[in-house]
Amino acid sequence: MEEVKIVLVEDDPGHSRLIEKNLVRSKITNDVVKFSDGQQAIDYLFNENNSFNAESGIKHLVLLDLNLPVVDGYQILKRMKSEEKTKNIPVIILTTTNDPREVSKCYDLGCNVYISKPLNYEQFSEAIQKLGLFLSIVTVPEEGKIYADY
Amino acid sequence: MDQIGGIMLSPNELKAKIKRVFSFKKYYPVYCTAFFGLLITSAFFLFFVSFHYSHEVEQYRINTENVLIKFKNGIEHYTSLVKSLSGLFYASEYVSRDEFREFVQGTLIRNPEIVSLMFIPYVSSDTRNEIEMQVQEEVFYNFFITELNSADHLVRASEKKVYYPVIYVEPFNLNKELLGFNFAQSEVGLQTLNYSRDSGKIHSMIRDDQVRDPGNNNRIYLFYPIYNNGAAIVTKSERIKSIRGFVSCELDIEDLFDAMIRDFEIKDYYMNLYIIKEGIEENISRKIGGESTSNSTDQLNENEINRDFLFYSSLQIANNEIPIELMPTGDYYSIFGDLTANIILTIGILLTCFLSWYFAGSVNRTSIIEKIVDERTEELYKVNDYLKSEIVHRKEAEKKIERYARELKQRNEEVKRFAYIVSHDLRGPLVNMTGFAGELRSAITTIENSINTKIGDLDENIRQDLNYALNEDAPEALDFIENSVKRMEGLINALLELSRIDRKEIKLENLNMTEVFKSTLKTLSHVIDERKISVDLQQLDDVQADRLAMEQVTGNILNNAVNYLDPERTGEITISSKEDSDEIHYTIADNGRGIAEEDMEKVFAPFRRAGKQDVKGEGMGMAFVQSLIRKHGGRIWCDSKINQGTMFTFTIPTIVEKGENENGRSKDSIS
């Protein structure tokens, strides 16, 4: 678990901050790498020279917003799931809309979890905390799926 | 370039050429008519002329034969005349000069063409002197039997075996030179007389008058023998033995023919007589009919003679034959003088002209018609061109409309997308607002908890302020923030819902609308009961529509009706339906507070609410309803009077377009 690095791609700094706070509140202490636009995330995820590779032993988990400047969340998701190197990285879509079409589209593209940001703060923090709980028990596998014990 | 231009025809020249050729063809019937008309006319003309001609030839031949018969009869007249004269001599042994004169006087008067009538006795050399003396004693003292000498002078006849002298001749005064003339002087005369003596028949002799007017007049002499009374005259020798003499008639040939043709009916003939006198042929020409009878003045030119009308024959006068040639004069026959032929020719030409004129006229009429047809065709082409351009315009217009439709669709998409994006993106800040409001609350809670332990140490005033700020001001502010967020969320959700309705597919099924209204009223029953509203739900027509949509529609309308009633009077709601031609009208009428005239346009507009804002809502209800009704292909409108009531009417079409119609299955599943 310690090896899992959280990649948070979120353009809204408020959201980003709230997510961080709630993760902390739910005792998630993993490293969080934040990007405010899609291109930065792409650069990080697909850069050959960074430590991000299977051999380094560091596992990743991506929290991805959909509406992003430069490159949007769909494109990032699509690219991640189409490349061998990144397709096993779990992707959790964390976004404001709960439009059923968006949801199914994301699942079609291969996202692992879809969480909408509820406007009710309790619900929101609850969701993030659940996520934190979820992340604390999740093991990022070599291939494909996330195994959750609960 | 010039050369090419010279060779090639310009379009106009080509047109002109085509027109020339075409117009020749056009007048072809006229030419044909003229040609064949003239051909037929000339054929008729020639046929008639040749028919007439051959008829004329035949007629001419018959006429000619008649002429010859007349001639023959004429000749017989003279022979019989001579024969009757011989009777005088058979009546007695001796005929005196006076008896002879008396006998022939009448004959001579009736036949003036007779030159002379003579008695010529047979005189042998033995009886010559006796005869000469006898005549000298009786009448003429200087009488001799005479003959012509080499100088053509009459002299006393030389010694001969036989003499045939003229003893009596009448009329004497004109012919006294003949008295005593010996006809036997010439070989021809002797032979002729001897033939006559030997045969007992009339013999003739043609020769000039040698005595009175030598070499000038053609004379024919008819000799008839007289034998001695009582003598046997059967054989030639008996005739020679008993010959007494001859009676003779002298005729001028021309006078003879003139006399014969005097009363002929046929006219305009030329007659040629070929007289052979002592081996020499002489031609006498006569014109029959007409005015001139003079010799040879009207002689036809050899070239002018129409051989078809040349008729040869001969006139037998005793032993002499006179060849005759008959032919018409120039006046006799003229092709173009023939009236019938001319009439035929004239009629033919006139008819041809008329027919040609008529055909030319009909061709002209045809070309007038053609011209009219051309004009009409031209007009049609123009109309056609106009229609073509019209079609082009239509197509352009259609394209424009298509483009507009596309643009409209695009815009619509954009608007929907805009609505979606806006609603989506608007939520982002709200998340922050609620999120950080929540953070603030937890921060205040933390502060409160921290302060509560030390609150007793603080000054009363400060403690009260702090208490007020933490427990009153801050929560109140946060409440306002959170309520505003909720309100905003409601609006955003409504907007999102509206954009979703447009995307949502409707599923048609057979709906019992009475039941739909009933179930909607049931959800509102507590309000209806509470406010004692009377609802009149009539039996409604069924319709094919989306169940959820209809529930939403009825819910919204009834909700409005219930919520906007006039509190001063008992609420009344009437729900009815009416089937129109291809749609069903559903009407929900209430006696509520009504909608002001100026507010009517807000009724169906999103986020707009009419009248007093005493009822919760985002103002999206009727916008949803309108959107849903439209999706069914129906309409919705509102009639209202302020303080009297409102009536909503919506229609659902009964005829569903096939493409949308999936109700067949739904129907089955329902039944």
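A: Happy to! Chain B has a secondary structure of 16 helices and 20 strands. Keep in mind as you look around that this is a predicted model. Of the chain's 671 residues, 39% count as buried. Contacts across the sequence are also worth a look: among those in chain B between residues at least 6 apart, 68% join residues at least 24 apart.

How confident is the predictor? The mean pLDDT of chain B is 80, and 86% of the residues score at least 70. Among the elements of the chain, strand β18 (residues 583-590) has the highest mean pLDDT, 91, while helix α16 (residues 663-670) has the lowest, 35. Two stretches call for care. In residues 292-298 of chain B the pLDDT is below 50, and this stretch has 12 contacts in the model beyond near neighbours in sequence. Residues 658-671 of chain B also have a pLDDT below 50, here with 11 contacts beyond near neighbours in sequence. Where pLDDT is low, predicted coordinates should not be read in detail.

Now for a helix to zoom in on. Helix α9 of chain B spans residues 253-260 and is mostly covered, with six of its eight residues buried. Those buried residues are B:I253, B:E254, B:L256, B:F257, B:A259 and B:M260. A residue counts as buried when its relative accessible area is under 20%, so B:E254 falls below that limit even though it is a charged residue. At the start of α9(B), B:D252 has a side-chain oxygen that reaches to within 3.0 Å of the backbone nitrogen of B:E254.

Next come two backbone details. Most residues other than glycine have a negative phi, and most peptide bonds are trans. In chain B, a cis peptide bond joins B:E170 and B:P171, with omega at about -10°. You will find B:P171 in the loop between β6 (168-170) and α6 (172-175) of chain B. The other detail is B:K532, a residue other than glycine whose phi is positive, near 55°. B:K532 sits in the loop between α13 (525-531) and β15 (534-537) of chain B. B:K532 has 65% relative accessibility; exposed means over 50%, so this residue counts as exposed.

Finally, turn to where chain B meets chain A. The contact draws on 18 residues from chain B and 22 residues from chain A. About 1,700 Å² is buried between the two chains, and carbon and sulfur atoms give 53% of that area. The rule finds one salt bridge across this interface. In it, the side chains of B:E439 and A:K21 meet at 3.5 Å, N to O. The cut-off is 4 Å, so this pair qualifies.

Which elements of chain A give two or more residues to the side that touches chain B? They are α1 (13-25), α4 (100-109) and α5 (121-137) of chain A. Of these, α1(A) gives the most, with seven residues. Sorted by class, the side of chain A that touches chain B has eight charged, eight polar and six nonpolar residues.

Definitions and conventions. Residues numbered from 1 in each chain as written. Chains lettered and ligands numbered in written order. Heavy atoms only, no water. Contact = heavy atoms within 4.5 Å. Buried area = accessible area lost by both parts, 1.4 Å probe. Helix = DSSP H or I, 4+ residues; strand = E, 2+ residues; numbered from the N terminus. Buried < 20%, exposed > 50% of the residue type's maximum accessible area, 1.4 Å probe, protein only. Polar contact = N/O pair within 3.5 Å; in protein donor to acceptor, adjacent residues only side chain to side chain. pLDDT = per-residue confidence, 0-100.
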